[in-house]
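This report describes how charged side chains pair in the structure shown below.

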Amino acid sequence: MATEEVAAARRKALSLLRAARSRYESLQISDDVFGESGGGSSSDDNPFYSTSAGSSQSDWEEEEEEDEEPGAASGSRRPPGTHREPGQEEEEEEEEESAGWTERLKDVTFPPFTDSTGPVHKMPLNASAIDFFQLFVPDNVIRNMVVQTNMYAKKYQEKFGHDEGWSAVSLPEMKTFLGYMISTSIHHCESVLSIWSSGFYSNKSIALMMTQARFEKILKYFHIVAFRSSQTTHGLYKIQPFLDCLQMTFDTAFKPSQTQVLHEPLIDEDPLFIAMCTDRELRKRKKRKFSLWVRQCASTGYICQIYIHLKEGTTSDGLDTLKNRPQLHSLVAKSLCQNLMGKNYIIYTGPSITSLNLFEEFEKKGIYCCGLLSTRKSDCTGLPQSMLVNPEPPRVRGHYRVRMKKNMSLISWSNKGQFYFLTNAYSPFKEGVIIRRKSGEIRCPLAVEAFAAHLGYICKYDDKYSKYFISHKPNKTWQQVFWFVLSIAVNNAYILYKMSEAYLVRRYTRVQFGERLVKELFGIEEHLPSE
């Protein structure tokens with residue numbers, strides 16, 4: 001009898017998995033972000049529709065429940081059980097009706113997405129890692145690093161005295177210098193100088209390419225911009241040309257899918273490596289003085305645009321003077337989406353960015369949105385407050401309510417808690433399902449299914465990406481930003497590699513791709529020339 005029950009449970013799990021994968025594929029989300037799953041597929045390849053106990057949906061729910069107290073889910077302005085005077089609910093609903101919010105739903109049609117997607121450059125079969133890397137960091141950018149580093153070293157020595165151990169850096173040396181730094185994203189170490197040590201983190205295979213003394217000299221004088229111009233006012237002027245170059249190449253090398261996500265990515269190091277660090281090493285890792293937002297393709301993980309905001313100092317756009325965080329996040333979102341106007345993209349946002357005013361402004365520009373709401377983090381101005389109250393008693397899983405204002409839908413959906421979504425990208429009549437191992441299918445609006453699937457994928461991408469962050473931790477903020485965005489460039493290069501014909505010839509994992517790139521920067525292995 002027990003054997004029959006086990007067999008029945010397995011059949012149910014497999015049928016759920018097949019149904020989940022079918023729906024997942026319909027959303028056109030790429031699996032196996034960094035090519036590490038091997039030939040076979042597993043339920044863990046799917047970051048949201050997973051029949052495993054540790055699916056990303058569970059993490060998403062738990063994160064929201066930790067963020068909000070139990071029962072005070074992500075949209076509630078009133079604590080649960082707040083007494084409402086007789087007639088108060090009717091008065092609120094009348095006010096909301098007059099503001100345009102109604103429970104009379106209408107079907108919404110959206111203009112088609114006609115823009116092309118995928119890599120812009122057709123790379124040859126024999127393209128190697130450095131070919132993809134140089135789509136973002138070409139030789140002329142590295143030559144500028146050489147020029148600026150030599151200029152800074154000369155000026156520094158004029159001021160503080162001649163440095164006997166210094167000689168002008170060359171282009172091959174600068175590539176070797178970058179190769180050493182990128183190697184720390186593959187083989188983590190407490191310091192890049194550990195490569196030359198005799199300890200656990202040493203790497204004898206590459207230590208002979210440059211002496212430690214020479215590397216330290218280049219690191220001491222390394223600069224992207226040697227001198228501040230008279231017109232410069234912002235704190236990132238030392239890497240602004242490099243950031244501008246990356247913004248341009250990220251945008252021109254790849255055309256993203258219709259669905260994209262605005263968020264703050266995970267930029268901490270590999271948790272396993274952090275767990276191995278001593279308290280002294282952790283104290284040396286100073287708190288970051290910048291925050292970073294990205295616009296990321298929800299189908300591939302490719303980061304299309306970046307936005308960096310300094311938490312201290314003066315910036316040219318004046319964002320540091322804003323006391324209102326929703327206003328800050330709104331301006332960040334507008335900056336990240338300025339190249340998307342009129343193309344009918346769908347943008348997914350977290351609670352800090354989601355707001356009615358922003359979504360309405362984007363809709364006028366041909367950008368559609370779907371976002372999670374939180375009264376603690378979101379700007380809820382103009383939203384019907386009666387929808388942002390926890391129902392009493394709590395509703396069963398899968399129950400939802402929708403109110404509309406023109407094309408905008410406000411959704412209240414019950415799962416473990418109460419969740420609130422704002423969207424103008426999906427019809428309120430279209431339903432989806434959340435597929436869970438224990439609960440089976442949980443009904444929900446299609447907007448909720450799409451949001452959770454795409455955000456779950458990005459969370460999975462970020463979890464893997466954190467393993468490939470350059471480990472070097474400088475004290476200067478501009479250097480921290482530089483090594484972080486260089487890590488993004490390497491990851492984007494790998495994503496383009498996986499979508500190219502070259503991947504069909506040599507199926508490198510992310511680690512193998514990084515190792516190959518480091519060797520080619522060293523000149524150890526000559527990459528095959530492009531045809």
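## Terms and model

A salt bridge is a side-chain nitrogen of Lys or Arg within 4 Å of a carboxyl oxygen of Asp or Glu. Side chains of opposite charge can pair when their charged atoms come close.

The model is predicted: local features need pLDDT of at least 70, side-chain atom pairs count only at pLDDT 80 or more, and totals for chains, interfaces and linings use all residues. Residues are numbered from 1 along each chain as its sequence is written, and side-chain values use heavy atoms, with hydrogens and water left out.

## Helices α6 and α8

The structure holds ten salt bridges. In one of them, Glu-173 pairs with Arg-214 at 2.9 Å, N to O. Because Glu-173 belongs to helix α6 and Arg-214 to helix α8, this pair ties together parts 41 residues apart in sequence; helices are DSSP runs of H or I, at least four residues, numbered from the N terminus.

Glu-173 is partly exposed at 22% relative accessibility, whereas Arg-214 is buried at 12%. Buried means under 20% relative accessible area, exposed over 50%, and partly exposed in between (1.4 Å probe, protein chains only).

## Helices α5 and α6

Lys-175 and Asp-139 form a salt bridge, their closest N and O atoms lying 3.0 Å apart. Lys-175 is in helix α6 (residues 171-183) and Asp-139 in helix α5 (residues 139-160), so parts 36 residues apart in sequence are tied together. Lys-175 is buried, with a relative accessible area of 15%, while Asp-139 is partly exposed, at 22%.

Terms used
Helix = DSSP H or I, 4+ residues; strand = E, 2+ residues; numbered from the N terminus.
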